[in-house]
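Student: I am new to this one. Could you show me the structure and take me through some of its strands?

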Amino acid sequence: MNKPQSDKQQLIIIGNGMVGHHLVEQLIERGATEQYRITVFGEERHRAYDRVHLSEYFAGRDAQSLAMCDADFYAENGIELRLHETVTALDRDQGEVITDQGRYAYDRVVLATGSYPFVPPIPGNDRENCLVYRTLDDLDDIRAAAEKATTGVVVGGGLLGLEAANALRGLDLDTAVVEFAPRLMPMQVDTEGGELLREKIEALGVQVLTGRATQQIEDGEASFHRMVFQDDKVLETDLIVFSAGIRPRDELARDAALEMGERGGVVIDDRCLTSDPAILAIGEVALWNNSIFGLVAPGYQMAKAAADTLLGGELTFEGADMSTKLKLLGVDVGAIGDAHGNQPPGARMFRYLDQIKQEYRKLVVSSDGKKLLGAMLVGDNATYDTLMQYYSNGLELPEDPAALILPSTEGAPTLGADALPDDATICSCHNVTKGSICATLDAGATDLGSVKASTRASTGCGGCAALLKSVVDHELEARGVEVDQSICEHFAHTRQELFDIVRVEGIKTFGELVEKHGSSQTEGLGCDICKPAVASILASCFNEPITDAAHIPLQDTNDTFMANMQKNGTYSVVPRVAGGEITPDKLVVLGQVAQKYGLYTKITGGQRIDLFGARLEDLPDIWGELIEAGFETGHAYGKSVRTVKSCVGSTWCRYGVQDSVGMAIRLEHRYKGLRSPHKLKFAVSGCTRECAEAQSKDIGVIATEHGWNLYVCGNGGMRPRHAELFATDLDDDQLIRIIDRFLMFYVRTADRLQRTSVWRENLEGGLDYLKEVVLEDSLGINEELEAQMQTVIDNYECEWAGAINDPEKLKRFRSFVNDARPDPDIIVTEERGQLRPA
Amino acid sequence: MNSATAEASTMTQTWRPLCTKADLVPHSGVAAWIETPEGPAQVALFYLPGHATELYAVDHRDPFSGANVIARGIVGDLSGAPVVASPIYKQHFRLDDGHCLEDEAVRLRCWTACFKGDQVMIRV
């Protein structure tokens with residue numbers, strides 16, 4: 001017998017499942033190891049693992065990756081973890097826990113023994129290859145049995161049964177589910193929901209038999225087993241998994257004569273104390289208020305209350321909500337509160353059933369229609385988080401609650417993160433409120449990761465991940481906006497406001513703008529935020545050459561030198577190759593220039609050629625030769641129209657239906673030189689095969705038999721976004737007029753450095769609003785937008801052509817104003833036959 | 001220039017002509033090559049006509065990228081002090097003492113420069 005070695009009290013935790021582990025975490029977090037010497041017994045070989053995601057074990061996750069903590073977590077925190085040791089009795093008289101290996105004295109005990117799978121008392125249920133689904137060892141047994149099997153049956157069509165069915169499918173067994181009740185998941189869904197669930201699950205190739213009571217299991221003819229049902233019908237299968245509910249592992253408590261429930265479970269009070277105050281119970285073994293909670297979130301709440309009780313606190317367990325959001329066999333199922341609507345008299349329902357998309361949603365609301373009492377979702381859980389917030393926080397429903405479950409269209413009411421009160425629970429596993437998330441942000445957290453680390457929100461079942469992100473995003477945004485709406489310290493205006501000021505007042509220089517509208521608190525020099533932004537606005541409005549003396553100090557280095565600075569201070573040069581079409585003669589010139597100036601060449605994603613490694617002082621000579629050969633600047637350095645990518649189209653392609661190259665060249669020449677809040681990429685495809693990938697561009701044009709379809713606001717890059725169809729079957733002139741308006745509306749209203757995709761996502765009213773403005777002229781500004789675009793187009797000139805003949809503009813293209821030597825620190829080396837920075 | 005000459009004798013520094021006013025770009029920077037007692041250096045010269053101090057000379061070398069590019073950065077003022085933003089990774093350096101606003105441990109070398117008529121002079 002081991003005796004406590006210090007004056008610390010001995011705490012023994014029996015059971016190392018998710019809830020038992022959570023208790024240990026809570027105790028560590030609260031410094032309980034100062035007061036207690038803690039020993040944990042786990043019957044299984046594995047330390048606590050994530051049972052919620054057990055079926056992923058067959059999808060490639062191993063015990064290690066399912067584990068709730070690192071292997072040395074317990075040891076590091078001074079806690080003794082005794083795995084694979086079964087507690088056989090509680091000797092309350094001696095104050096000892098008896099295991100299959102010894103006796104251990106205790107001062108306090110926590111029972112966290114969980115539950116075991118219920119196997120219905122069917123003759124033959126103990127045959128070989130009749131298994132259960134609860135532990136990793138069970139899964140190993142199922143996997144071993146499945147090797148010799150081709151068919152499998154799960155007895156039980158509830159939550160765990162469907163999980164088990166998924167596991168059998170994952171083992172490539174022909175799978176069937178047998179449920180005693182007349183529908184699947186009888187606890188969570190009603191008849192309609194159950195029927196829809198059946199259809200969806202059968203569509204996955206899983207046979208569903210409901211209303212079937214198995215009478216006997218015997219030798220099969222074609223398979224290992226034969227199941228005989230109440231109507232004498234039979235089903236043959238090689239493997240049977242029982243998953244017909246759980247029962248509390250309460251034998252230790254029963255033998256120790258603790259107070260038990262009539263149908264099992266150790267009775268606990270609000271502080272998780274059993275009838276013996278030295279002994280606590282938590283999780284699925286515990287019976288609180290005559291209820292057993294078979295979900296992880298209530299178990300965690302009990303663990304928290306138990307930890308507090310052990311430390312002498314007053315925190316109580318006050319019951320838990322059994323709302324669940326699941327993905328079973330890939331099918332979304334959600335149940336909130338009183339989903340069946342059978343409790344209060346006068347409750348009213350809204351139901352929505354779509355048998356084509358296979359979605360079912362039901363709301364149970366109070367008789368006055370103001371509160372959500374329950375909800376049921378099958379096929380799509382997208383509305384779960386919103387509904388859960390209405391339910392758990394008792395928020396008043398919108399005037400027409402039906403809108404909450406009608407098919408989502410833009411503008412449908414969703415409960416934004418800002419509408420939630422501070423005491424709204426975001427993560428129910430760890431009981432994290434919106435208020436505590438805000439407190440973390442106030443304390444300096446600046447991203448989702450640090451909020452998760454400090455509050456532990458979304459680290460339990462993970463069901464709140466999307467909601468948590470939206471709360472964090474929204475709150476961060478709110479803080480950012482609160483801090484400062486203005487573009488920088490020099491202007492108390494947003495980019496949009498500055499744009500309107502410039503346009504309406506006809507302001508043509510930065511100096512004038514900062515004098516009339518700049519903040520009086522600064523020196524008035526501007527900065528690297530506002531100067532390029534104003535330069536872009538001035539260019540969008542008046543399109544004067546950016547190399548003019550008044551504008552040059554505003555530009556980013558790339559615009560100043562009309563080339564793209566690379567990491568060693570050299571530049572890359574990208575001449576325009578409209579539509580990606582280039583003559584052999586011009587190709588030769590590019591090669592010759594690259595050879596002469598020692599440039600590295602690479603083909604870009606926008607169908608042109610990038611020449612890297614140009615020294616500052618060589619840029620004018622390089623451009624002299626390029627312009628001589630008929631090239632013009634490509635604006636690769638600007639926040640401006642970059643390229644119009646195209647496929648070869650009807651000119652050559654067997655499938656092309658329109659001249660995509662011709663249209664691409666027309667568009668590129670029309671919009672080249674347009675400066676905008678961010679870069680703009682276009683593409684034109686000659687048929688629906690979409691070889692130009694137009695749907696990933698700001699402006700995408702795809703040929704149809706009758707003309708062109710226009711897509712807008714797509715993006716590749718870091719956050720890809722499919723462009724949205726904006727207008728269809730346009731002729732050439734219609735297409736251009738719509739693009740004129742669209743682009744100028746974007747230029748006017750977007751934030752600085754905001755691509756069209758992000759602009760569109762933040763646009764109030766969304767795509768419909770954009771269509772109203774651009775296609776229906778709802779703001780009455782289209783004429784103005786078109787005229788403004790025409791001004792930009794009329795004032796276009798190649799910036800390089802304007803610069804190379806102007807000695808004043810070339811002044812800066814010198815390595816040193818007082819010395820002709822090139823920068824000696826630029827050193828190159830050779831790689832794959834080309835030069836690169838050393 | 002008289003006081004500067006007097007100082008030069010005690011600090012073994014001398015004023016040298018660097019370039020002309022016409023070589024500068026108003027509200028922006030250009031690079032110049034100088035020989036100092038410690039060896040050659042590349043200087044970024046910033047010209048802010050109409051401001052209290054019209055001329056600044058700081059190191060042309062960007063300590064974060066190692067490239068000689070500071071003269072090509074955007075000039076501005078932050079919290080009341082004139083600064084230049086590195087064109088590579090966008091850190092800000094104060095023009096009067098070279099200190100980096102984003103990293104206290106980093107600073108650019110600074111020189112004193114002034115106009116003598118149309119001539120730009122630097123003390124090295």
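**Strands and contact**

Tutor: Strand β3 (residues 39–47) of chain B pairs with β4(B) in the antiparallel sense over five bridges. Strands here are DSSP runs (E, at least two residues), numbered from the N terminus, and two strands pair if DSSP finds at least two bridges between them. This is a predicted model, where local features need pLDDT of at least 70, side-chain atom pairs count only at pLDDT 80 or more, and totals for chains, interfaces and linings use all residues. Residues are numbered from 1 along each chain as its sequence is written, with chains lettered from A and ligands numbered from 1 in the order in which they are written.

Student: Which residue in β4(B) is the bridge partner of B:Ala44?

Tutor: Take the antiparallel pair β3 and β4 of chain B. Across from B:Ala44, the partner in β4(B) is B:Val58.

Student: Which residue in β8(B) is the bridge partner of B:Ala57?

Tutor: β4(B) also pairs with strand β8 (residues 110–116) of chain B, antiparallel, over two bridges. There, the partner of B:Ala57 is B:Trp111.

Student: Why is strand β4 of chain B largely enclosed by the rest of the structure?

Tutor: Buried means that 20 or more other C-beta atoms, placed from the backbone, lie within 10 Å of the residue's own. Strand β4 (residues 55–59) of chain B is largely enclosed because of its buried residues: five of the five.

Student: How many residues does the contact take from chain A?

Tutor: Residues are in contact if their C-beta atoms, placed from the backbone, lie within 7 Å. Chain B gives 29 residues, and chain A gives 26.

Key:
Buried ≥ 20, exposed ≤ 12 C-beta atoms within 10 Å, placed from the backbone. Helix = DSSP H or I, 4+ residues; strand = E, 2+ residues; numbered from the N terminus. Contact = placed C-beta atoms within 7 Å.
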